[in-house]
Amino acid sequence: MSVSIFLVKFALDSSGAYVDGRSDLIESVTVPCDLFHKLAMGTEGLQLSQLEVFEDESRRESFQVSCYLPNEASRLREHLREIFLDTLRKSADEVGSVSMNHLEAKVINVILGTFKTLTNLDALLTRKLEVFCDDESVVVRVDINE
Amino acid sequence: MSDNKGKDGEHGALALFALASLNDNRLEVMRHSETNVPDMGQDIFLKASNVWVRNLGALTNATYQPHEQFSELPDDSVRNVRIDVKTSKTIDKTLVQKAGADIKKHPNTDTHILFGGRLTAAGQAALDQVRNDYPTKEILHINDSGIRALASEIDVPIAKLFPHLKDETKNE
């Protein structure tokens with residue numbers, strides 16, 4: 001099971017409404033549920049906000065998407081970096097001085113997968129926080145499939 | 001059902017296709033482990049005959065038009081199918097664009113199926129765009145009515161695998 005995190009750009013209309021057809025996906029990261037819980041649970045009081053997205057310009061129908069506001073995204077990134085360092089230390093301990101020939105493929109796959117997810121998510125959050133921080137049209141959306 | 005709707009949705013789909021495979025000599029259902037392929041662990045893969053995919057498309061979508069490229073192939077030619085299970089009620093533009101981006105990670109897969117949910121108008125437009133971007137792939141969406149039709153075809157009680165689809169008046 002997984003959690004999908006998206007960075008999405010909306011072309012907001014004059015009233016600032018978010019419309020599905022006026023959105024574009026910038027990038028996304030798929031995070032395994034256990035890693036996402038580790039990230040979210042360790043960030044005290046981390047809250048998802050709900051964003052109303054209209055299906056079309058008529059605004060007759062809408063749906064809600066979960067997202068992190070910049071403050072929450074910043075706290076999540078801070079905790080992510082703590083987990084990254086912790087994972088780095090634990091992985092070093094686990095691998096020790098063993099060469100690739102003596103390392104189980106599963107071990108290196110898990111390490112690589114975790115680092116890939118963490119670095120990709122860090123890049124997504126960093127893009128929001130450092131390039132689009134005050135830009136309300138760029139949203140960190142979260143889809144929890146559980 | 002468990003407390004995890006994502007797991008329930010994926011395993012419901014897995015069970016549905018596994019049961020479908022009991023009625024078809026060529027259909028095989030596969031799932032990679034999450035450890036080996038972290039980006040793709042959620043997907044279900046099928047080895048299916050060309051005619052099975054065509055019948056699935058017709059069964060689950062009244063307006064289905066077979067893909068030209070595959071119409072020319074023999075009925076028993078092998079199709080490599082990826083099932084991307086969607087547990088969101090609404091499949092909007094973002095989710096379709098993500099699904100489209102995932103297609104390039106599977107160069108040997110000729111058929112991609114978004115399984116579940118209701119496409120928004122912008123989601124449908126995005127799906128049409130994805131089809132234009134990948135003209136050699138067949139890309140289908142099976143909505144809730146289509147899932148009911150498939151379950152009915154193989155005589156599986158829908159409430160067993162997808163309790164939220166039991167009420168036919170609710171096409172989410």
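This is a predicted model: local features need pLDDT of at least 70, side-chain atom pairs count only at pLDDT 80 or more; totals for chains, interfaces and linings use all residues.
Residues are numbered from 1 along each chain as its sequence is written, while chains are lettered from A and ligands numbered from 1 in the order in which they are written. Let's walk through the structure topic by topic.

- Most residues other than glycine have a negative phi.
- D155(B) sits in the loop between α6 (144–153) and α7 (158–161) of chain B.
- With 8 other C-beta atoms within 10 Å, D155(B) is exposed; the cut-offs are 12 or fewer such atoms for exposed, 20 or more for buried, and anything in between for partly exposed, with C-beta atoms placed from the backbone.
- In chain A, R59(A) also is a residue other than glycine with a positive phi, near 60 degrees.
- R59(A) belongs to the loop between β4 (49–54) and β5 (62–68) of chain A.
- R59(A) counts as partly exposed, because it has 13 C-beta neighbours inside 10 Å.

**Helix α6 of chain B**

- G146(B), I147(B), L150(B) and A151(B) are the buried residues of α6(B).
- Looking down the axis of α6(B), you find these buried residues within an arc of 135 degrees, so they line one face of the helix; the arc is that of the directions from the helix axis to the C-beta atoms.
- The partners that the buried residues of α6(B) pack against are α1, α2 (50–60), β7 and α7 of chain B; two residues are in contact if their C-beta atoms, placed from the backbone, lie within 7 Å.

**Helix α5 of chain B**

- Buried in α5(B) are A122(B), G123(B), A126(B) and L127(B).
- Seen down the axis of α5(B), the buried residues fall within an arc of 145 degrees, so they line one face of this helix.
- D128(B) and N132(B), on the other side of α5(B), are exposed.
- The cover over the buried residues of α5(B) includes β4 (90–91), α4 (93–103), β6 (118–119) and β7 (138–142) of chain B.

**Chain B as a whole**

- Chain B has seven helices and seven strands.
- Starting at the N terminus, the order of its elements is α-β-β-α-α-β-β-α-β-β-α-β-α-α.
- The radius of gyration of chain B is 15 Å, close to the 16 Å that the globule rule gives for 172 residues, so chain B is as compact as a globular protein of that length; the radius is taken over C-alpha atoms, and the rule is 2.2 Å times the number of residues to the power 0.38.
- Along the principal axes, the C-alpha atoms of chain B fill a box of roughly 40 × 40 × 35 Å.
- Among the 172 residues of chain B, 41% count as buried.
- Of the contacts in chain B with a separation of 6 or more, 73% come from residues 24 or more positions apart.

**Nonpolar cores**

- The largest nonpolar core has 35 residues, and F17(B), L46(B) and I83(B) touch the most other members; such a core is a set of buried Ala, Val, Leu, Ile, Met, Phe, Trp, Tyr and Cys residues joined through C-beta atoms within 7 Å.
- Helix α1 (residues 5–21) of chain B gives the largest share of this core, four residues.
- Leaving out residues up to four places away in sequence, F17(B) touches V29(B), I44(B), L46(B) and I83(B).
- Another core, of 29 residues, lies apart from it, and F10(A), V65(A), L80(A) and L121(A) are among its members.

**Where the chains meet**

- Here 26 residues of chain A are in contact with 22 residues of chain B.
- β1 (2–10), β3 (23–32), α3 (105–131) and β6 (138–144) of chain A each supply at least two residues of the side of chain A that touches chain B.
- α3(A) gives the most to that side, with six residues.
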